[in-house]
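Student: I would like to go through this structure by its packing. Shall we take helices, sheets and salt bridges in turn?

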Amino acid sequence: MPSFESLPDELIHQILHYIPPEQTLSSFALLSRRFNSISCEPLLWRHYCQANFRYWQAEHRFHEKLRGSLHDVDWKALYLLRLRRNNHVANLIEGVIASRVSRIAKTEKICNYGYDAKDFLLTQCRIDDSAEDVLARRFYSCTVLDSIHRSLAIEEWSKYQHFAANRLGQNMSNSERLNCGMRLERALGAFDMFMLHDNEGDLDEICEMLDDIASRFRAANPNLDSATTRTKAVALARWLRANNLTGLNDPSEETYRYLRNCLIGRALRDDQHPSLPIISAAIYSAVAARSGFEAYPAALPNQVHAIVLSPPGVSLDGVALPPEQAEHQETTFFNPYGSDEEVSIDEIHNLLYRLGIYSGHDGMITPTSTDLIVMRTAQNIRASFTSFRMIDRPLSQQMPMIELNRGDWARNLQPALYSIIWASIMMVPALSDNEDVRWDWQHDLRDLLANFNEYFPEDSWLIEKYICPMYDAFAASSRRQDWEVPSGRVRAQIKEIRRKDAWVRTPRRRSHLGEGVRVKYRVGQVFKHKRYDHHGLILGWTAEGVAGFNWGAESPLQESWRRHSEPFYRCMVGTDGTDHHIIAESSIEVVELRGGPEVLPPEIQELIPMAGKFFKRWDGENGVFVSNIREYYPED
């Protein structure tokens with residue numbers, strides 16, 4: 001029988017495709033000089049790079065390297081670099097899960113790897129339910145990944161800053177001027193990135209989905225290249241509507257405000273492709289750009305259409321215009337959200353008349369720049385957020401308004417608001433001379449810093465990278481002297497967050513409570529509020545009154561609470577998913593539960609993704625969540 005060594009190199013090379021790279025390195029390559037030589041083949045390591053790592057940091061230019069010459073890249077060294085980074089990320093994430101101390105510092109180190117960390121983080125976000133610390137591992141891996149996703153969104157929006165700073169005196173095409181240094185679909189996809197979590201649909205994948213839609217449209221219209229602009233535009237509107245890629249199915253006043261309808265990535269991924277008019281117009285425009293004609297959203301008051309432009313000097317029907325109109329572009333309108341037919345200019349004027357706008361139409365029926373489309377999308381997201389807060393209904397009926405995937409409504413509330421504030425910050429030129437704009441920017445900055453400090457402290461590195469330089473530009477001494485919060489104070493806030501991150505807190509022990517002081521309930525128990533009937537989870541306790549939750553030097557307020565005998569509990573409740581609720585012991589009724597997660601009250605089941613911030617897993621045998629904050633409460 002022939003031995004393995006008798007096989008030709010080419011066949012052995014193919015066999016190695018099915019052997020883990022680590023085994024190729026540690027075993028196969030050591031068997032002989034011949035096998036060592038085969039194991040170093042660039043083609044093999046290029047395969048390993050492609051097969052083992054889906055996501056790559058932009059600095060690698062990975063897809064460009066794939067298209068280049070095989071021998072221009074040291075594929076084995078590239079694979080080993082990614083392997084080392086994975087190992088480092090694995091060690092860091094273990095530290096993040098195990099201890100609160102330096103958690104933010106470790107998170108920042110992982111974030112510095114960018115998308116090189118994403119493949120490993122996804123394995124942890126999707127860890128099997130049997131893992132001992134499944135909830136904590138999923139939560140903190142997703143928290144780190146969320147910060148990386150936000151960094152890519154903000155980087156996309158930051159292109160507007162570079163555009164605004166360099167556009168003066170430049171001769172730009174329509175496309176360059178209206179895109180503002182960004183691509184429409186990526187600028188809108190940035191909102192998706194704030195709520196992407198461990199799902200698919202990042203900026204590159206949004207572009208790939210639009211590429212695929214354009215390819216399908218071209219395949220359905222094989223004579224597209226020879227068609228006139230009007231023919232192309234009508235064909236696209238009809239094809240998108242026929243394939244249910246734009247608009248809403250049976251929209252109502254309530255479903256119109258669903259968060260999912262505001263996100264272009266969600267619209268493209270969802271089977272029903274739900275989208276507001278602004279997203280429908282953006283999808284139309286993006287596919288048009290890939291199909292050989294020019295289209296942009298036109299943000300009319302109370303409605304968004306798509307405006308199609310003919311090539312300069314040519315009519316929409318392909319007829320050459322007179323020489324004096326060599327640069328003129330004819331326009332027409334479409335409403336991809338609600339129709340597959342061309343919208344006449346008379347219909348647009350009538351729409352404006354109905355809205356009480358009787359003059360200035362010419363300035364409104366023009367393409368809208370990408371920065372303004374981003375801001376209008378932010379307004380739509382704010383409207384969804386406001387509707388969720390204002391509607392007085394049981395929580396179970398409100399969840400669909402914010403929910404993108406089953407059980408993620410609580411994870412989307414704060415990121416949705418956070419994305420709005422970041423967009424408002426980044427869509428302002430840093431060198432604006434408009435005092436009102438500068439004042440609004442400062443107000444938005446205060447909101448951003450408040451949200452960052454309370455909900456997203458892991459974004460310190462993003463505040464430092466983007467906000468501080470912008471603030472320095474806004475508050476330059478030659479322009480303004482008396483800003484309330486200069487960049488130095490922002491940096492001081494970041495420094496304080498990092499100081500607290502490294503701080504080892506004194507734990508609370510039941511055995512150290514004073515004589516006669518008894519704390520009845522424990523961390524991890526599920527309870528029902530006696531007065532309001534909602535359910536929640538106990539995250540911590542104090543026998544020193546509400547102020548006792550502020551670890552550190554004792555304040556006069558805290559001293560006054562010393563005389564208050566009733567313990568208080570910090571809780572996460574099912575009404576909003578936040579973990580800042582303080583509830584008196586007399587208002588808590590612990591719920592006795594035994595069994596799997598399915599025995600939990602529905603509102604607690606919805607909080608499970610957020611519970612990983614404090615707990616390792618649900619212990620059905622004892623009816624409690626297993627604490628991951630033993631540093632604070634070692635006896636609970």
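Tutor: This is a predicted model, where local features need pLDDT of at least 70, side-chain atom pairs count only at pLDDT 80 or more, and totals for chains, interfaces and linings use all residues. Residues are numbered from 1 along each chain as its sequence is written, and side-chain values use heavy atoms, with hydrogens and water left out.

Student: How is helix H9 oriented to helix H21: roughly parallel or roughly perpendicular?
Tutor: Helices here are DSSP runs (H or I, at least four residues), strands likewise (E, at least two), numbered from the N terminus. The axes of H9 (residues 134–166) and H21 (residues 460–474) come within 10 Å and cross at roughly 15°; axes are lines fitted to C-alpha atoms, for helices over the stretch in contact, and angles run from 0 to 180 degrees between N-to-C directions. Angles under 35 degrees count as roughly parallel, over 145 as roughly antiparallel, 65 to 115 as roughly perpendicular and the rest as oblique. H9 is therefore, relative to H21, roughly parallel.

Student: Which residues of H21 make the contact?
Tutor: Contact means heavy atoms within 4.5 Å. H9 contributes Ser 147, Arg 150, Ser 151, Ile 154, Glu 155, Ser 158 and Gln 161. From H21 come Trp 461, Leu 462, Tyr 466 and Met 470.

Student: At what angle do helix H12 and helix H13 cross?
Tutor: H12 covers residues 203–220 and H13 residues 229–242. Their axes come within 11 Å. H12 is roughly perpendicular to H13, because the crossing angle is roughly 115°.

Student: Which residues of H13 touch H12?
Tutor: On the H12 side the contact uses Ile 213, Arg 216, Phe 217 and Ala 220. H13 answers with Lys 232, Ala 235, Leu 236, Trp 239 and Leu 240.

Student: Which strands are the edges of the four-stranded open sheet?
Tutor: Two strands pair if DSSP finds at least two bridges between them. The order is S1-S2-S3-S4, with antiparallel pairing. Each edge strand pairs on one side only. The edges are S1 and S4 (342–343).

Student: What is the bridge partner of Ile 307 in S3?
Tutor: Four bridges join S2 (residues 303–309) to S3 (residues 331–334), and the two run antiparallel. In S3, Ile 307 is partnered by Phe 333.

Student: What angle does helix H17 make with S1?
Tutor: H17 (residues 370–390) packs on that sheet. Its contacts are with S1 and S2. Its direction and that of S1 make about 45°.

Student: Which strands are the edges of the five-stranded open sheet?
Tutor: The order here is S8-S7-S6-S5-S9, again with antiparallel pairing. An edge strand pairs on one side only. The edges are S8 (581–584) and S9 (588–590).

Student: Which residue takes a positive phi in the hairpin of S10 and S11?
Tutor: S10 (residues 615–619) and S11 (residues 624–627) pair in the antiparallel sense over four bridges. Trp 618 stands opposite Phe 625. The hairpin has four residues between the strands, and the positive phi, near 70°, belongs to Gly 623.

Student: How many residues apart in sequence are the parts tied by Arg 290 and Glu 185?
Tutor: The side chains of Arg 290 and Glu 185 meet in a salt bridge at 2.9 Å, N to O; the term needs a side-chain nitrogen of Lys or Arg within 4 Å of a carboxyl oxygen of Asp or Glu. Arg 290 lies in the loop between H15 (277–289) and S1 (294–300), and Glu 185 in H11 (residues 184–194), so the separation of the tied parts is 105 residues.
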